Amino acid sequence: MSDDHCATGGDGPGMESRDALDPAAAQAGPPYAECVLCREPTEYPESHKGITLCPVCAWQEAQRTACSG
């Protein structure tokens, strides 16, 4: 198998979720925690403990760790 998928960068599933996230809809619910990488709202409440990532950053982080060997 080739490791070409490791060098693809940020394109892939979940990239459209940032565009689909409506800021008005995000503010309609409980206060959401910010992503620690891009500061976009996450699906977690502000009271969530630990590192919070938005779906896009979580997917990208999973890709980085999967390719690290």
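Biologist: Is Cys 35 buried or exposed?

Modeller: This is a predicted model, and the value comes from it. Cys 35 has a relative accessibility of 2%. The cut-off for buried is under 20%. Since 2% falls under that cut-off, Cys 35 counts as buried.

Biologist: How many disulfides does the count come to?

Modeller: A disulfide needs two cysteine sulfur atoms within 2.5 Å. By this rule, the count for the model comes to 0.

Biologist: Which cysteine has the sulfur nearest to that of Cys 35?

Modeller: Cys 35 takes part in no disulfide. Its nearest cysteine sulfur is 3.7 Å away. That sulfur belongs to Cys 57.

Biologist: How far from Cys 54 is the nearest cysteine sulfur?

Modeller: Cys 54 is in no disulfide either. The sulfur in question is that of Cys 38. The distance is 3.6 Å.

Biologist: How far apart in space are Cys 35 and Ile 51?

Modeller: In sequence, 16 residues separate Ile 51 and Cys 35. In space, the distance runs from C-alpha to C-alpha. It comes to 8.0 Å.

Biologist: Where does Ile 51 lie?

Modeller: Strand E2 covers 41-45. Helix H3 covers 55-67. Ile 51 lies between them, in the loop.

Biologist: Is Ile 51 buried or exposed?

Modeller: The relative accessibility of Ile 51 is 69%. Exposed means over 50%. Ile 51 is over that cut-off, so it counts as exposed.

Biologist: What accessible area do Val 36, Leu 37 and Ile 51 have together?

Modeller: These residues form a patch on the surface. The patch is nonpolar. Together, their accessible area is about 330 Å².

Biologist: In what order do the elements of the protein run from the N terminus?

Modeller: The secondary structure holds 3 helices and 2 strands. Starting at the N terminus, the order is α-α-β-β-α.

Biologist: What share of the residues in the protein is buried?

Modeller: The protein has 69 residues. Cys 35 is one of those that count as buried. Buried residues make up 16%.

Biologist: How much of the accessible surface belongs to carbon and sulfur atoms?

Modeller: The accessible surface of the protein is about 5,200 Å². The share belonging to carbon and sulfur atoms is 54%.

Biologist: How many salt bridges does the count come to?

Modeller: Side chains of opposite charge can pair when their charged atoms come close. The rule asks for a Lys or Arg nitrogen within 4 Å of an Asp or Glu carboxyl oxygen. By this rule, the count of salt bridges is 2.

Biologist: Which residue meets Glu 34 in a salt bridge?

Modeller: Glu 34 is partly exposed, at 41% relative accessible area. The N to O distance in the bridge is 3.2 Å. The partner is Arg 39.

Biologist: In which helix do Glu 61 and Arg 64 lie?

Modeller: Glu 61 forms a salt bridge with Arg 64, with the closest N and O atoms 2.9 Å apart. Glu 61 is partly exposed at 31%, and Arg 64 is partly exposed at 45%. They sit 3 residues apart, about one turn of the helix. Both lie in helix H3.

Note on methods
Residues are numbered from 1 along each chain as its sequence is written. This is a predicted model: local features need pLDDT of at least 70, side-chain atom pairs count only at pLDDT 80 or more; totals for chains, interfaces and linings use all residues. Side-chain values use heavy atoms; hydrogens and water are left out. Patches are made of residues with over 30% relative accessible area and no salt bridge: like charges are joined within 9 Å, nonpolar side chains (Val, Leu, Ile, Met, Phe, Trp, Tyr) within 5 Å. Accessible areas come from the Shrake-Rupley method with a 1.4 Å probe; for residues, only the protein chains shown count as cover. A salt bridge is a side-chain nitrogen of Lys or Arg within 4 Å of a carboxyl oxygen of Asp or Glu. Helices (H or I, at least four residues) and strands (E, at least two) are DSSP runs, numbered from the N terminus. Buried means under 20% relative accessible area, exposed over 50%, partly exposed in between (1.4 Å probe, protein chains only).
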